[in-house]
Amino acid sequence: MSDEYDLIIVGAGPAGLAAAVTASRNALKTLLVDEQADPGGQIYRSIERALPENRSALGPDYFYGQKLLEDFRGSGADYLPETTVWNVDRELNIGLLTNGQAKQIRGKHILLSAGAMERPVPIPGWTLPGVMGAAAADILFKSSDMLPAGPVVLAGSGPLLLLVACRLIDNDVPLAAMVETSSARDYLRAIPYLPGAFRAYNYLLKGLSMRYKVLKARIPVFQGCRDLVVTGDEEADGLRFTCHGADQHVRASTVLLHEGVVPNLQFSRLAGCDHEWFASQRYWRPVIDKWGRTSLEGISVAGDASGIRGAKTAEAAGHLAGLDAACRMKHISDAERDRLAAPYLKAVTRERSIRPFLDHLFPPACQALVPPDDQTIVCRCEELTAGQIREAVALGALDPGQVKGYTRCGMGPCQGRMCGLTLSEIIASSASLPIESVGQLRVRAPLKPLTINQLADLEIFE
């Protein structure tokens, strides 16, 4: 590891890998750091170790990432896997924990490409054994060839729910049902955005083919579902819900929940970048330009960490950020950057054309945003319920920091990653405030736990 890098990239998903390739090709001294043991992020998780017998189930979209991984391995960029980033500041210092040693290094430019995280789905019973996120189940299959015990019920909304259903079908895992919270009203709201989506018609065809696979497998599908409750005492044994006014109960050994994914903002918020509220999907995202530049000089964001737009958009955005970093450091001219960027900008425009349609077709369910049952656990670290948060609001706590002081919500090891969005939504709903004015929990270093000894032995690279 060098004393100083031209570009330090946080996150080895499609955006980070593409940025590393482009930056290295333009003679930037580049470092890519990532928590996982292998590059690829979540979408291309463990692609270099994928089992041949899983090729059909994983599909061509997954193996599309092989070329990107090959390009990265040959790029010459430095790479630190299994490395935790615990601090990022506006002076472009980054705190790392690698092989048990805490380090602080500095870059001339920082690219944050930490990707997305699955939105929590706080419904009654969601903390029972046998309940997990659909994206988490997909990651286990990619990384460890593990499949959930059947029968399985999938519940929620979003394209990933269909993708996981198809992968389970391909692996002969019995599916008890698909319980979708998207309704006919959502389909009607999405229709005005359908013409624009035809620019990325391949995604529409893929969605239809996945629907057909579920139909052909004779999986019961319930749409427009509400009032979801995971049933069971010591562990999950099924899902109870209401569909078009009728009560339903599906028995299952595993319940997979999903209400979309949201940007991972821990690093951009810690650094102090400006963020904006994206109402369609109910999440915050960094304010960036077409190159990924944030409000802070020297810090850029690319990929799903800047807003959920998919792997191919993330890859193109990574190339754009790499070119812009090379331009800012005078390795290429503005004109050369613009010339090289043209195909990537075109790809971003094409790939993004599907997003307004999907964002309106698959909005997160109201129950997942603001749990109506006061007994539903919101903060898993501190075991705090929605009712306890509402009590704090009733006492006058009108922003996340105040509720945190009243209740300890967000003070656990995850530092609000799992409960922060729900906390803000509950405050806004309970106090009848716009969520933009409520804001978010404050993020502080260290983002991940460090021991006192590790911090005392901090190795600083000037």
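**Notebook: strands, a histidine and a helix**

I began with strand 5 and noted that Asn-93, Gly-95 and Leu-97 point one way from it, while Ile-94, Leu-96 and Thr-98 point the other way, and that all are buried (buried means under 20% relative accessible area, exposed over 50%, and partly exposed in between, with a 1.4 Å probe and protein chains only). In a regular strand the side chains alternate between the two faces of the sheet. Strand 5 covers residues 93-98, and six of its six residues are buried. I took helices (H or I, at least four residues) and strands (E, at least two) as DSSP runs, numbered from the N terminus.

Before going on I wrote down that this is a predicted model, in which local features need pLDDT of at least 70 and side-chain atom pairs count only at pLDDT 80 or more, whereas totals for chains, interfaces and linings use all residues. Residues are numbered from 1 along each chain as its sequence is written, and side-chain values use heavy atoms, with hydrogens and water left out.

**Neighbours of strand 5**

I looked up the pairing next (two strands pair if DSSP finds at least two bridges between them). Strand 4, residues 83-88, runs antiparallel to strand 5 and is joined to it by five bridges, and Asn-87 stands opposite Gly-95. These two strands form a hairpin with four residues between them, and I found that Leu-92 in the turn has a positive phi of about 70°. On to strand 6: six bridges join it to strand 5, again in the antiparallel sense, with Lys-103 as the bridge partner of Leu-96. That hairpin has two residues between the strands, and Asn-99 takes a positive phi near 55°.

**His-109**

Which strand holds His-109? I found His-109 in strand 6, which spans residues 101-112. At 4% relative accessibility, His-109 counts as buried. Its side chain makes a polar contact of 2.9 Å with the side chain of Ser-300 (a polar contact is a pair of N or O atoms within 3.5 Å; within protein, one must be able to donate a hydrogen and the other to accept it, and residues adjacent in sequence count only if both atoms are side-chain atoms). Leaving aside neighbours within four places in sequence, I listed the residues in contact with His-109 (heavy atoms within 4.5 Å), among them Asp-6, Leu-92, Ser-300 and Arg-328.

I then turned to an open sheet of five strands, which has the order 8-15-9-10-11 with parallel pairing. Strand 8 (131-133) and strand 11 (221-222) stand at the edges with a single partner strand each, so one side of each is left without a neighbour in the sheet. Strand 8 pairs with strand 15 (residues 254-259) over three bridges, and I noted Val-255 as the bridge partner of Val-131.

Helix 5 covers residues 134-144, and I recorded that eight of its 11 residues are buried, so it is largely enclosed by the rest of the structure. Its buried residues include Ala-134, Ile-139 and Phe-141, and they pack against several elements, including strand 8, helix 6 and strand 15. Asp-145 follows helix 5 and has a positive phi, near 55°.

**Whole protein**

Last, I counted 19 helices and 22 strands in the protein. Of the 462 residues, 56% count as buried, and the C-alpha atoms fill a box of roughly 65 × 50 × 40 Å, taken along the principal axes.
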